[in-house]
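Here are some notes on the spaces in this model and on its ligand site. Please read them alongside the coordinates.

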Amino acid sequence: MRAVVLVGGFGTRLRPLTLSAPKQMLPVNGITMLERVITNLARGGVTEAVLALGYLPEVFQENFPSGEIAGVKMHYAVEPEPLDTGGAIGFAARFAGFTDDTFIALNGDVINDLDIAALVEQHRAFGGEGTIHLTPVEDPSRFGVVPIDDRGRVEAFIEKPPAGEAPSNWINAGTYVLEPSVLDRMPEGEKVSIERAVFPDMVADGKLFAVQADGYWVDAGTPESYMKVALDLVNGTRSSEPAVAADATIEDGATVENSIVGSGAVIEAGASVIGSMIQRGARVGAGAKIVDSIVGPNALIGPAAELSELTVVGDSVVVEASSSHSGAKLPDVPKE
Ligand code: GTP
């Protein structure tokens, strides 16, 4: 099975971390989001994949020069301009020659345990042009809501319904099985959204199906969800990976609780790190207090500084000693 992985977005919600690295190259407890996604694809029988690249494409190529991730053969398709999700899938599938057989397409920032092989099997049983994985959420108003009939056929595709008005809480979870004929709905070089244009057209033709599967699923696109996906791996919610890299240093008298400390990072004496992510090479100065916050790679947190409420510190940023930041982005970044 072959897959198109969408990794070309700007990742604006995760700035400033995504000013220096694309979202899918950010670490989730020491392993990039992309490697975690490809590993799950490999488990489901994917042997070849193409990355639909746009923003900072060279970072992917430099980090995976062998052209292989988790045993999956990789292709790199760089868009000449952002083509939106549907245009990007079409461009990358044509680039890699995935035009003659069923393929998977997915958002590269969704972490899940979905059984891809089972989804493909269900797609074949439906006999449609496409099958979408659906996941349940408490508040569907930020997502694409997808009601289905009792045979799995999609009845509508409702992008971001007003709060309280969604017909169901099952949303588009970002993994699709597609027939190559779907490429005809993504004309070459045209900007088109799969969620807002291609899927609604397929619904109108009665050719789109969906499968409800409620296993582990997180869209890691916001600081909150990115942090959750990482901490879930170390605090036992999903697994119990080691939370502190073997070559990190926790000095005597420092406290580290429900947090991740990356490779080469240093937590100095008397500092406390609670519910937070300290990325590789960062240093937390003596007596500093980091609560529910993300410290980017090689950042320096001055002694006695305090970070709280999802403060996000970018790559190599220096935070002044004894300064205090709550819900901040350092450096501050424009919203869009
Ligand atoms: P924000 O800027 O924070 O909204 O994130 P995003 O646009 O990077 O990601 P979003 O969650 O909106 O998009 C879903 C997936 O599609 C992500 O994996 C993105 O990397 C990817 N994506 C979005 N737009 C494009 C595009 O124009 N080209 C390509 N190749 N990928 C895209």
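1. The largest cavity is lined by L83, G87, G90, F91, R94, M186, P187, E188, G189 and E190. A cavity here is a set of points, on a 1 Å grid over the protein atoms alone, where a 1.4 Å probe fits but cannot get out, and lining residues have an atom within 4 Å of a point. By class, four of these residues are nonpolar, three polar and three charged; Ala, Val, Leu, Ile, Met, Phe, Trp, Tyr, Cys and Pro count as nonpolar, Asp, Glu, Lys and Arg as charged, and the others, Gly among them, as polar.

2. The model is predicted: local features need pLDDT of at least 70 and side-chain atom pairs pLDDT 80 or more, while totals for chains, interfaces and linings use all residues. Residues are numbered from 1 along each chain as its sequence is written, and side-chain values use heavy atoms, with hydrogens and water left out.

3. The largest cavity holds about 30 Å³ of space, and one cavity of 30 Å³ or more is found in the whole structure. Volume means the space filled by probe spheres set on the points, which are joined across faces, edges and corners.

4. The ligand is surrounded by 20 residues, with L6, G9, T12, R13 and E79 the closest (a heavy atom within 4 Å). This shell divides into seven nonpolar, eight polar and five charged residues. Helix α4 (residues 84-96) gives the most to it, three residues; helices (H or I, at least four residues) and strands (E, at least two) are DSSP runs, numbered from the N terminus.

5. Which polar side-chain atom lies 2.5 Å from an oxygen atom of the ligand? It belongs to T12. A backbone N or O atom of G108 is 3.3 Å from a ligand oxygen atom, and a polar backbone atom of G8 is 3.1 Å from a ligand nitrogen atom. The protein covers 82% of the 620 Å² of accessible area that the ligand has on its own (Shrake-Rupley method, 1.4 Å probe).

6. The second largest pocket (an open set of points with protein on both sides within 12 Å along at least five of seven lines) has a volume of about 600 Å³. Of its 29 lining residues, P27, G30, I31, Q279 and R280 lie nearest the centre. The lining has 18 nonpolar, eight polar and three charged residues.

7. Why does the second largest pocket lie between domain 1 (2-223) and domain 2 (242-330)? Both domains give residues to its lining; their bounds come from an automatic or database domain assignment. Elements that each supply at least two lining residues include α3 (57-63) and β20 (277-278).

Methods. A polar contact is a pair of N or O atoms within 3.5 Å; within protein, one must be able to donate a hydrogen and the other to accept it, and residues adjacent in sequence count only if both atoms are side-chain atoms.
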